[in-house]
Amino acid sequence: MSAVLGALGTMGAVVGLGWALGRWRVLGERAAPVLARVVFAVATPALLVSTVAHADLHLLASRTALVTWLSTTVVAVLAVVVLRLVWHRPAADVTVGTLASSYVNAGNIGLPLAVYLLDDPVAVVPTLLFQLLVLAPVAFAVLDARPTPPLETDPGDAPAPAPGGRVPLAMRVETVVRRTLSNPIILATLTGLVLAALPWSLPEVVLQPFALVGAAAAPLALITFGMSLAVPRTTGGAAPRRDLALAVGLRSVVHPVLTWAVGSALGLPAPALLAVVAMAALPTAQNVLVYAMRYRHGEALARDTGLVTTILCVPVLLVVAATLG
């Protein structure tokens, strides 16, 4: 337990540093977005290349990955059923609510947690792959089907609507595939998997620059996360209470409990069970708010779910570590 507290304390101290830097704007007005881009496009991909290249490829066909993918799918389906079939929310709101319930902050919190608590950066790979290769593309396909194109989308990033106002299916598919395959984290993970599958190993001198740059990923992600907490929340409105309660409940309670149940049923060893449940206990990703703002649907729900689940993250992780650690 002392190791867990030490890891969480280390992460908390770095997040606090980031908050102080953001609160007093030590690095300037645009520091947080710039650091976020560095983490997303440079540091995290470098870490994934250097670590996944040495990973056992059985990870993707293991019970650990199965538990992660199965539990996340069940949580997403539960959110869809309640939001769409019970409460009859519009498809775009259902999509954002489902992401808020199932899409975790694997970058800013999950990656440092895997490094400092689990001592295994590869532990975050099954979660990242499922989110980036399944959840995000499906969400984009639904959101891009809206008759009104998003205001915040860059030219060329979203397909143009047809004369009737709806984006053609072929163009939606092309856009989703292009977005997915241009994601630096996906490309880095796939590159690492290819290197791991080679019958021979690259000389370490080739991977050392990736490891050196990748070492900055976890602390920079925590600093960026802390800086984001210091930024005033300006997205207007308040989330519907029922939707917020559903998303927070699924994110902070149902998902980790369900993951524990599935992992226990499949006989995961204690370290692997701790890893998958810890990943399931992460808060809602900030990317969900980015997506909501881009498509002008569910901003308040994405914002409030991210805030509440982030506050709940530490006590939930402490319970997980005390129970399984």
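In what order do the elements of the protein chain run from the N terminus on? The order is α-α-α-α-α-α-α-α-α-α-α-α-α-α. The model described here is predicted, and its secondary structure comes to 14 helices and zero strands. Of the 325 residues in the protein chain, 50% are buried. Among contacts with a separation of 6 or more, 81% join residues 24 or more positions apart.

Two packed helices are described by the angle between their axes and the distance between the axes.

| Pair | Angle between axes | Axis distance |
|---|---|---|
| Helix 2 (residues 31-52) and helix 9 (residues 204-214) | roughly 135° | within 7 Å |
| Helix 2 and helix 8 (residues 184-197) | about 15° | 8 Å |

The axes of helix 2 and helix 9 cross at roughly 135°, which makes helix 2 oblique to helix 9. This crossing of helix 2 and helix 9 is left-handed. On the side of helix 2, the contact is made by Val42, Ala43, Ala46, Leu47, Val49 and Ser50. Helix 9 contributes Leu207, Phe210, Ala211, Val213 and Gly214. By class, the residues in the contact of helix 2 with helix 9 are nine nonpolar, two polar and no charged.

With helix 8, helix 2 packs at an angle of about 15°, and helix 2 is therefore roughly parallel to helix 8. The crossing of helix 2 and helix 8 is right-handed. From helix 2, the residues Phe40, Ala41, Thr44, Pro45, Leu48, Val49 and Val52 take part. They meet Pro184, Ile185, Ala188, Thr189, Thr191, Gly192, Leu193, Leu195 and Ala196 in helix 8. This contact of helix 2 with helix 8 has twelve nonpolar, four polar and no charged residues.

Valine 38 also lies in helix 2. Is valine 38 buried or partly exposed? Its relative accessibility is 32%, so valine 38 counts as partly exposed. Leaving aside neighbours within four places in sequence, valine 38 is in contact with Ala43 and Leu220. The C-alpha atom of valine 38 is separated by 9.8 Å from that of alanine 216, although the two residues are 178 residues apart along the chain.

Helix 3 (residues 63-86) has 24 residues. From its first C-alpha to its last, helix 3 reaches 33 Å, close to the 34 Å expected at 1.5 Å a residue. The buried residues of helix 3 are Thr64, Ala65, Val67, Thr68, Ser71, Thr72, Val75, Ala76, Ala79 and Leu83. An α-helix has 3.6 residues a turn, so residues three or four places apart point the same way. The buried residues of helix 3 pack against helix 4 (91-102), helix 6 (125-143), helix 11 (241-265) and helix 12 (270-280). Just after helix 3, histidine 88 takes a positive phi of about 55°.

Helix 4 has twelve residues and reaches 16 Å between its first and last C-alpha, close to the 16 Å expected at 1.5 Å a residue. Why can helix 4 be called largely enclosed by the rest of the structure? Ten of the twelve residues of helix 4 are buried, so helix 4 is largely enclosed. These buried residues are Ala92, Val94, Thr95, Val96, Gly97, Thr98, Leu99, Ala100, Ser101 and Ser102. The buried residues of helix 4 pack against helix 3, helix 6, helix 11, helix 13 (286-295) and helix 14 (299-324).

How values were computed
Residues numbered from 1 in each chain as written. Predicted model: local features only at pLDDT ≥ 70, side-chain atom pairs only at ≥ 80, totals over all residues. Heavy atoms only, no water. Axes fitted to C-alpha atoms, helices over the stretch in contact; angles between N-to-C directions. Helix = DSSP H or I, 4+ residues; strand = E, 2+ residues; numbered from the N terminus. Parallel < 35°, antiparallel > 145°, perpendicular 65-115°, else oblique. Left-handed = near helix turned anticlockwise from the far one by under 90°. Contact = heavy atoms within 4.5 Å. Nonpolar A, V, L, I, M, F, W, Y, C, P; charged D, E, K, R; others polar. Expected span 1.5 Å × (residues − 1). Buried < 20%, exposed > 50% of the residue type's maximum accessible area, 1.4 Å probe, protein only.
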